[in-house]
Amino acid sequence: MTSPAATDPDAGSPAGSGSPTGTGAGPLPDPAALLDEYTPGDFYFSTDRYTMLGAGGVHVGAAVPSAASGDAVRAALREAGPTGGRPARVVGAVPFDTSRPARLAIPERLRIIGGGDSGGPAEHGHEGRGQAERSGVGARGELEAFSVTAVPSPEDHIAAVDEALSTMHRSPELHKLVLARTLHLRPGEAVDPLRVLRILARRHPEAYTFAAEIPGGPEGGPRALVGASPELLAARRGDAVRSCPLAGSAARSADPAEDRRRAEALQASAKDQVEHAIVVDAIAESLRPLCRTLEVPRRPELVATPTMWHLATPIAGTVADAAITALDLALALHPTPAICGAPAAAAHAEIGRIEGFDRGFYSGFVGWCDARGDGEWAIAIRCAEVDAAGARLFAGGGIVAGSDPAAELAETSAKFRTMVDAIDEAVRAAPVRG
Ligand SMILES: C=C(O[C@@H]1C=C(C(=O)O)C=C[C@H]1O)C(=O)O
């Protein structure tokens, strides 16, 4: 995003093909529309209502230590002042461990297309719309072009789930623990994050498709966190607050009858309902003191991504105090039991002990917040760190009493498909050099 034409021509009023109020009434903006201007290091964030691209600018607050960070970001936004008639906006990623430095910046150049750039009503990922996205089912990369290393190995992940189950048995106050694993893909040549983004944006128009610069590329080179997350951590628009936790999962099937059977089995599964309720209860408890009103549906609904079924609960409220920003909300909710466990502190400690790798920005959150306090943050899942050396993919799942280790391993394999398929297609499509 270096051309002069990229400099915020839409300033002040969201413009483009989406509905100006973000009610979802208009056609969806083309999620790939801004990708022609993307250059490595940019921030890209696409929803089913709007797409944004931020470039350049100043980094804000190295560490984001819980509540204090909200203040640091607020001060930075105030100091930055409006650009082109639009309130200053911070964009970027916050790691799983919020005592580690975040990557948040106030971009110098910001483009937004689509209506409702501050987010509309909770339209995200409903079953009917997900169903229309079935085309991705069955697309299977074979990863011939890669060397693949699983860290931990599948056997070690099963052992880790066993260990989590025994820990929860010994300490019944620990209700849920989310364990993840990684896949390191090393293709013959560098993975192009832009090509991966294009594929994700095409295949997952309902998701939060994102790219955020993160530190740690080989030899100081660029590294991006790239993904297509189905999960909203927190959004605020004016008074309105939203969160849409997911928990309880089943892999999709290419066979429609089998696919439907799996969805119904997920909805009927007592274990998955419990796993889901733990997340909803924790989020409701964290939101209650921050909200004047809060609506929490009694039963979850089913949502579909091209690869997974999930149980989802769209939570809506009104903020108690206009000073509470979308970032404050995200920090108050994070880490939810969808990606950490319950209670959070004990689960966090067990993840450190059992999981065996550094999550970095995976299962943190990615998004934006403006000087009015409006913003939207997605949980950084279905994602990978992409750099010149290859890609590190992440997938996890919630463990509760009654979880089956082999089924948990299979669930993480299914969750990897979002990024495996996209990276595989990106590398296959790459022009052969030499
Ligand atoms: C942790 C991940 O996903 C989370 C865990 C889920 C589960 O345990 O069922 C479902 C959706 C996400 O909240 C992941 O995709 O890596």
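**Note on the ligand site and the aromatic contacts**

1. Phe-43 is buried in this model, since its relative accessible area is 5%, and the structure is a predicted one, which should be kept in mind for every value below. Phe-45 is likewise assigned as buried, because its relative accessible area is 0% and a residue counts as buried under 20%.

2. Aromatic pairs come to 6 by the rule applied here. One of them joins Phe-43 and Phe-45, whose ring centres are 6.0 Å apart with 15° between the planes; the pair is classed as stacked because planes under 30 degrees apart fall in that class. Phe-43 and Phe-45 also belong to one aromatic cluster together with Tyr-208.

3. A pair with the edge-to-face arrangement is made by Phe-365 and Trp-377, with 5.5 Å from centre to centre and an angle of 90° between the planes. Phe-365 and Trp-377 are both buried.

4. Two arginines are placed over aromatic rings and may be read alongside the ring pairs. The charged end of Arg-252 sits over the ring of Trp-309, at 4.5 Å from the ring centre, while Arg-359 lies over the face of Phe-96, with 4.4 Å to the centre of that ring.

5. Which residues place polar atoms by the oxygen atoms of the ligand? For Ser-249, an N or O atom of the side chain is 2.5 Å from a ligand oxygen; for Glu-275, a polar side-chain atom lies 3.2 Å from an oxygen of the ligand; and for Gly-396, a backbone N or O atom is found 2.8 Å from a ligand oxygen. As for cover, the ligand has 390 Å² of accessible area on its own, and the protein covers 100% of that area.

Notes: Residues are numbered from 1 along each chain as its sequence is written. This is a predicted model: local features need pLDDT of at least 70, side-chain atom pairs count only at pLDDT 80 or more; totals for chains, interfaces and linings use all residues. Side-chain values use heavy atoms; hydrogens and water are left out. A polar contact is a pair of N or O atoms within 3.5 Å; within protein, one must be able to donate a hydrogen and the other to accept it, and residues adjacent in sequence count only if both atoms are side-chain atoms. Accessible areas come from the Shrake-Rupley method with a 1.4 Å probe; for residues, only the protein chains shown count as cover. Rings of Phe, Tyr and Trp (its six-membered ring) pair if their centres lie within 6.5 Å; planes under 30 degrees apart count as stacked, over 60 as edge-to-face and the rest as tilted. Buried means under 20% relative accessible area, exposed over 50%, partly exposed in between (1.4 Å probe, protein chains only). A charge sits over a ring if NZ of Lys or CZ of Arg is within 6 Å of the ring centre and within 35 degrees of the ring normal.
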